[in-house]
Amino acid sequence: MSTHPLPPFPAPTTTPTGVRAGRSLSALICVVAVGAVTACAPSEGAVAPSPAAAVAPASPGAGASRGTMGAPGIGDPDFPSDGNGGYDVQHYDLRLSYDPASRKLAGSATIEAKAVQDLTSFDLDLHGLAVSRVTVDGGAAGFTRNKDELVIEPGRRISNGDRFAVAVDYSGVPEPMRDSANLGKYGFISTPDGAFVTCEPNGAKTWFPSNDHPSDKATYDFQITVPEGLTAIANGEMTGTPQTKAGKTTFVWREKHPMASYLATMTTGKFQVRTGTSDKGLPIYAAVADSFHGSLDQLFTETGKITDYWSTVFGPYPFSSTGGVIDDYAAGYALENQTKPIYGGFSPEPTIIAHELAHQWFGDSLSIGRWRDLWLNEGFATYAEWLWAEHAGQYTADSAFRRYYANAADPMWNYPPGTARASDLFGSAVYNRGAMTLHALRREIGDDKFFPLIREWTNAHRYGTVTTQEFIALAERVSGKNLKELFDAWLFQPRRPAPIT
Ligand code: ARG
Ligand code: ZN
């Protein structure tokens with residue numbers, strides 16, 4: 001969340017010292033990563049306004065058809081080689097073993113999928129790593145590598161509608177994605193004692209073969225083996241107690257709700273763990289690297305409190321547990337990993353926890369079908385920061401809105417957030433102008449329509465894939481108002497909208 005500029009609000013006097021380090025550190029990382037302060041801000045220059053519905057969202061199996069060869073991309077116009085066509089994944093079963101000393105990962109992934117066309121070959125996404133064996137439904141399959149595409153030729157043709165299981169054995173030293181232009185380092189990042197694993201937007205392929213795009217969600221089983229004394233953290237809940245044999249411990253995790261590949265994690269290392277339940281009875285898993293031991297109780301407590309509060313504002317919590325992880329890798333950003341947001345090298349202040357936990361509804365339960373709709377994740381999560389600050393008595397959402405609005409020279413006015421740019425995906429406009437869009441909408445339709453709308457949104461699309469057009473349509477239905485002009489001005493025009501009343 002921190003690749004965008006800091007909001008211009010003074011630290012509340014109640015904020016513990018040190019907490020803000022996360023944010024300043026983030027800004028610093030951004031500068032270091034891109035080499036220029038301005039690169040952290042949205043790019044200058046107007047782009048032609050584009051209606052939200054101009055391009056269909058990617059969807060499982062979509063992608064340019066090549067006869068019976070599954071397409072090498074799922075059809076996201078801005079990330080053409082991300083994901084794949086021809087099938088829809090239902091489940092990933094990942095058996096992984098990681099040795100921090102040699103940085104070697106050994107994996108065996110079984111992917112259960114359903115064909116949506118006849119297939120004589122299909123792709124998985126995989127970045128580096130050596131593949132030793134591929135089977136489809138237990139029979140040996142041929143495979144070739146082409147950049148980050150693993151092209152698989154099953155022994156016999158898969159028919160449209162067939163369910164099939166592809167198993168891939170692989171190993172090697174994972175290499176994270178490095179995008180100096182805008183995303184920094186992400187994916188599987190090794191640390192002295194383990195790995196920090198944050199995959200947005202397309203870094204899942206750095207540690208497992210996948211249909212690496214949020215429009216193809218699936219359930220996950222993880223079995224992760226690490227040297228004794230280390231902890232392996234994945235999504236969902238742990239099943240059983242970790243088993244130790246011959247100096248190695250195996251952790252078994254299951255995420256039974258659909259999950260986008262970029263939200264999967266296998267973060268490992270020396271961690272202190274606290275488990276328990278929130279006031280409302282939701283299981284909490286909090287873990288911190290040793291150097292953050294002083295933050296464990298606060299992370300645990302705030303996570304439970306904020307998750308419970310959001311469930312009264314956004315609707316029922318979509319997953320079976322909540323949590324958080326602070327690793328000592330100084331990523332300078334956080335990521336909303338499903339059920340367990342991760343904070344990269346800083347102790348998060350409550351508004352950041354509020355941001356990442358809001359993503360459990362906006363981004364995780366409701367996922368975007370193409371990256372240009374990212375404001376549906378980041379605009380909502382940023383608005384949640386304002387709502388939390390207001391709830392905590394720090395500043396009001398309205399004052400946040402007005403503070404941003406007052407700066408007529410802010411480059412975000414040139415960046416219509418309704419079309420997030422691949423070259424500047426996590427730009428300030430997507431976060432802050434996205435949040436302002438929601439505030440403008442709230443003022444237009446009133447609290448008595450706005451909050452029911454938000455709950456209807458999370459309820460109607462739970463575990464699904466969403467588009468901006470669907471949100472606009474629902475807002476019009478719930479409010480009974482024509483809101484096209486409002487959304488067009490806030491999301492799609494390269495200029496500052498007229499003031500709100
Ligand atoms: N979605 C994250 C957040 O807003 C930001 C992820 C940034 N990703 C990156 N590769 N820099 O919390
Ligand atoms: Zn975010």
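This is a predicted model: local features need pLDDT of at least 70, side-chain atom pairs count only at pLDDT 80 or more; totals for chains, interfaces and linings use all residues.

Analyst: Residues are numbered from 1 along each chain as its sequence is written, chains are lettered from A and ligands numbered from 1 in the order in which they are written, and side-chain values use heavy atoms, without hydrogens and water.

User: Which residues coordinate the zinc ion (ligand 2)?

Analyst: Donors are N, O and S atoms within 2.8 Å of the metal (3.2 Å for Na, K and Ca); water is not among the atoms, so sites may look incomplete. Along the chain, the donors follow the spacing H-x3-H-x18-E. At 1.9 to 2.0 Å, the coordinating residues are His-355 (NE2), His-359 (NE2) and Glu-378 (OE).

User: Are His-355 and Glu-378 buried or exposed?

Analyst: Buried means under 20% relative accessible area, exposed over 50%, and partly exposed in between (1.4 Å probe, protein chains only). By this rule, both His-355 and Glu-378 are buried.

User: Which residue forms a salt bridge with Glu-302?

Analyst: A salt bridge is a side-chain nitrogen of Lys or Arg within 4 Å of a carboxyl oxygen of Asp or Glu. Glu-302 counts as buried because its relative accessibility is 11%. With the closest N and O atoms 3.7 Å apart, the partner of Glu-302 is Lys-305.

User: How many salt bridges are there?

Analyst: One of them joins the side chains of Asp-148 and Lys-205 (3.3 Å, N to O). The count comes to 16 salt bridges.
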